[in-house]
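Please keep the viewer open as you read.

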2 protein chains.
Amino acid sequence: MRVAVVGAGLAGLTAARELQRAGVEVVVVEARDRVGGRVEGGELEGRPVELGGTWIGEGHSRMDALVAELGLETFRTWNDEGKVLIQLGNRRALVDGAKGAVPRLNPVALADLAQGLARFARLARTVDPARPWAHPKAELLDGQTFETWVRRTLRTPSGRAYFRVATEAVLAADTSDVSLLHMLCYAVSNADLETLLAVDRGAQQDRVVGGSVLVAERMAADLDVRLSTPVEVVTQDDAGVRLTTRAGETITADRVVVAVPPTLAGRLRYDPLLPAWRDQLTQKLPAGTVAKTFAAYPTPFWRDQGLNGQVASDTGPVKVTFDVSPPDGEIGILLGFVEGGEARRWQRLPEADRRRAVIDAFVTYLGPRAAHPTAYVEKDWSAEEFSRGCYGAHFAPGVWTAFGEALRPPIGRIHWAGAEYAVEWTGYMEGAVRSGAATAREILDQT
Amino acid sequence: MRVAVVGAGLAGLTAARELQRAGVEVVVVEARDRVGGRVEGGELEGRPVELGGTWIGEGHSRMDALVAELGLETFRTWNDEGKVLIQLGNRRALVDGAKGAVPRLNPVALADLAQGLARFARLARTVDPARPWAHPKAELLDGQTFETWVRRTLRTPSGRAYFRVATEAVLAADTSDVSLLHMLCYAVSNADLETLLAVDRGAQQDRVVGGSVLVAERMAADLDVRLSTPVEVVTQDDAGVRLTTRAGETITADRVVVAVPPTLAGRLRYDPLLPAWRDQLTQKLPAGTVAKTFAAYPTPFWRDQGLNGQVASDTGPVKVTFDVSPPDGEIGILLGFVEGGEARRWQRLPEADRRRAVIDAFVTYLGPRAAHPTAYVEKDWSAEEFSRGCYGAHFAPGVWTAFGEALRPPIGRIHWAGAEYAVEWTGYMEGAVRSGAATAREILDQT
């Protein structure tokens with residue numbers, strides 16, 4: 001048997017690897033001139049940074065195993081010393097990073113936030129991430145935006161701001177963009193909201209020494225990967241599948257794994273056409289909007305100021321930051337996320353204004369020493385032809401209930417893989433790897 | 001000057017015609033082997049029916065003028081004699097079609113519905129359809145689904161059902177699929193909700209003798225239209241635009257009008273890439289789901305039963321019907337809409353089951369004489385490669401506020417046209433024509 005994999009991100013590479021190990025002949029066809037997809041390596045001052053997917057979280061057991069198997073090592077995200085800065089409105093608070101990022105607020109806001117978090121957690125535990133549409137109240141939960149739930153459940157501006165910032169940080173989308181059911185499903189797929197937001201024992205716990213792109217590059221080393229080969233047409237018939245590339249080349253196989261984000265999968269031409277409901281599903285899975293910005297400094301100076309470089313703010317353009325300095329801490333690198341509506345305003349600015357807006361935010365949070373970075377890099381994922389958004393697809397109201405069942409099943413010889421398709425740890429590198437493995441099993445089981 | 005128009009629907013043809021009249025050299029490039037786009041002619045028993053866009057409503061002055069100019073005639077949709085059948089739950093009511101389709105319900109439900117309609121109308125009048133994002137409460141109105149508003153505003157099951165059926169009928173989408181702001185904007189663009197739902201003095205008032213497709217065909221007669229020529233790439237630079245077709249042919253022009261629905265416009269390849277926010281807009285404008293079904297009978301027998309063939313029901317798969325018999329009434333043709341979630345379930349059935357489900361619904365509504373049509377035709381617009389849904393794009397929560405400003409402005413030499421872009425009468429043939437004319441003016445004004 002021969003399988004073609006479209007997309008050399010972690011999902012596609014994992015599917016290819018597992019299939020090849022089972023004796024299947026595999027070819028991976030990648031549009032970009034590099035592997036990794038939404039995982040990409042960059043550098044500031046000669047030190048690696050992750051322009052895309054970065055973290056291996058607590059419980060991301062597949063990634064842990066893969067990293068070990070590939071001879072790589074991880075290190076802890078800087079978190080232990082110094083405080084997280086929480087800025088909601090004009091209120092600034094420092095909280096102990098090791099204890100999670102629930103800010104110290106006035107007692108009314110704190111009680112409000114506590115009841116909101118408890119209600120969210122309780123509701124999330126009732127959702128099965130494999131079948132959110134099967135929830136007894138699925139239509140009610142999917143018929144409203146997460147914003148509606150936030151407004152109804154939280155009474156204080158600070159309480160509401162917390163959930164809105166958390167949504168931006170977690171999904172690169174606004175609370176209006178997704179249904180309550182999607183937010184619940186996403187949280188439970190990733191253990192819970194606290195895990196999603198946390199560093200220690202959370203989704204941002206570990207990083208790969210040398211950069212996460214090494215995982216993709218080492219996986220690709222043993223595979224037949226054809227770079228710079230955008231696929232345009234996927235043809236299937238009784239005999240097999242045939243991919244036609246932009247250059248007009250033809251690649252044949254028995255089955256194909258389409259391992260690109262849904263909004264790109266929907267732009268491929270399928271012959272015969274995808275069924276209506278599957279095409280309309282991809283129409284309804286837009287990618288989030290996010291840019292990552294990096295500034296390098298001679299030292300991680302914030303550590304000397306009792307800060308750990310983590311900020312959560314309700315004021316844009318940068319609302320969330322992390323210390324992504326190299327493990328030796330010899331220089332300081334600060335990562336700022338520009339997300340959702342903030343990203344859409346920011347990305348229309350000229351380059352110099354974008355940089356200024358980011359650095360100004362860093363100064364606001366970390367003081368005047370942030371004003372003069374030695375290097376600055378930004379990566380707007382929605383501007384990338386072969387991503388057109390990140391981190392992943394978000395599900396607007398009605399989509400899980402109306403189209404959820406259409407998400408994972410193959411269409412004839414066409415199988416799907418990617419972080420969006422993962423039941424567990426969806427949206428993360430871990431989810432991508434699990435989805436790729438699940439799709440490989442799906443193919444092996446069918447043949 | 002030379003302009004290429006992609007898409008020979010009413011918007012594209014109107015733009016082409018207006019430009020040609022102003023002395024511009026125009027070529028229209030159409031993927032299908034016919035003109036009309038979402039307007040298409042069909043026939044049952046040798047009599048024409050509209051498989052797509054059908055009606056010219058009260059106030060659709062551009063269409064009225066166009067029909068007259070093209071030597072065509074209109075006739076009134078059958079409405080005058082007989083009652084509209086309203087079926088909500090197990091409750092059936094007959095209402096006078098000439099007085100609009102507000103059902104006779106029990107007093108509690110009627111009061112509930114009346115206050116809901118009044119509140120909706122009051123709110124809709126505050127929205128400017130040219131700039132819904134500029135509403136002082138835009139974020140609040142766009143942050144919730146229309147479903148949330150319906151649940152909060154309406155207290156009775158019948159009152160809620162009315163708005164849900166109305167949404168399906170008007171948008172081919174469910175109340176969960178769109179934001180409150182979108183529904184308000186759509187209503188005010190089309191005068192008001194009552195106009196959208198009405199026949200006499202409403203959006204379903206008139207039909208074209210011989211079928212609406214004649215409008216497209218007669219417009220195309222004087223234009224250079226290249227059929228069966230799907231465009232795949234739109235390249236622009238300082239010198240002009242270049243379209244590359246699926247067959248590899250090249251068409252050059254000074255400007256291009258992309259007059260295809262947003263979800264298809266997003267699948268074209270642009271070189272240089274569209275800006276991120278414009279690409280993400282098209283990711284967020286999925287088409288509705290609708291199939292039109294037609295059954296022919298020896299006579300319009302329902303007219304003898306005191307019914308006018310119009311049904312509004314909250315039970316699928318067919319929730320809305322119309323009498324679309326030819327003007328002479330010599331045979332009866334009933335049109336049944338299958339929309340939104342109903343369409344997505346129905347379209348997965350085998351052909352025989354689809355037909356049976358539709359005819360069963362007709363029997364439920366109109367009695368046993370509906371059981372044996374002499375002909376049956378169905379058209380699932382979401383299954384069409386060059387529509388992938390109808391009637392048009394719907395705006396989920398957050399989209400108008402985050403992306404609305406990006407909808408209409410050209411990107412360099414690329415201009416947009418279509419029923420989705422119309423300020424007035426959006427979603428209708430009238431809106432398509434107005435949008436096409438506006439885009440032609442936009443080009444003429446710039447050059």
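How many residues does the contact take from chain A and from chain B? The contact takes 45 residues from chain A and 44 residues from chain B, where contact means heavy atoms within 4.5 Å. Before going further, a word on conventions: this is a predicted model, in which local features need pLDDT of at least 70 and side-chain atom pairs count only at pLDDT 80 or more, while totals for chains, interfaces and linings use all residues. Residues are numbered from 1 along each chain as its sequence is written, chains are lettered from A and ligands numbered from 1 in the order in which they are written, and side-chain values use heavy atoms, with hydrogens and water left out.

The size of an interface is often given as the accessible area lost when the parts come together. Here chain A and chain B bury about 3,700 Å² between them, and 47% of that is on carbon and sulfur atoms. Buried area is the accessible area (1.4 Å probe) that two parts lose on being put together, summed over both. Of the area that chain A buries against chain B, 17% comes from W277(A), Q283(A) and R388(A), more than from any other three residues.

Which helix gives the most to the side of chain A that touches chain B? That is α11(A), with 5 residues. Helices (H or I, at least four residues) and strands (E, at least two) are DSSP runs, numbered from the N terminus.

Now turn to a sheet in chain B. Its 4 strands form an open sheet in the order β12-β11-β10-β14, with mixed pairing; two strands pair if DSSP finds at least two bridges between them. β12 (250–253) and β14 (269–271) of chain B each have a single partner strand, so one side of each is left without a neighbour in the sheet. Inside the sheet, β10(B) and β11(B) are antiparallel over 6 bridges, and D237(B) has G240(B) as its bridge partner.

Chain A holds an open sheet of 5 strands, ordered β9-β2-β1-β13-β20, with parallel pairing. Its edge strands are β9(A) and β20(A), each pairing on one side only. Strand β2(A) runs parallel to β9(A), joined by 2 bridges, and V29(A) stands opposite R226(A).

Finally, look at the backbone. Most residues other than glycine have a negative phi, and most peptide bonds are trans. In chain A, G316(A) and P317(A) are joined by a cis peptide bond with omega about 0 degrees, and P317(A) lies in the loop between β16 and β17. The bond from C390(A) to Y391(A) is cis too, with omega near -10 degrees. A172(A), which is not a glycine, has a positive phi of about 55 degrees.
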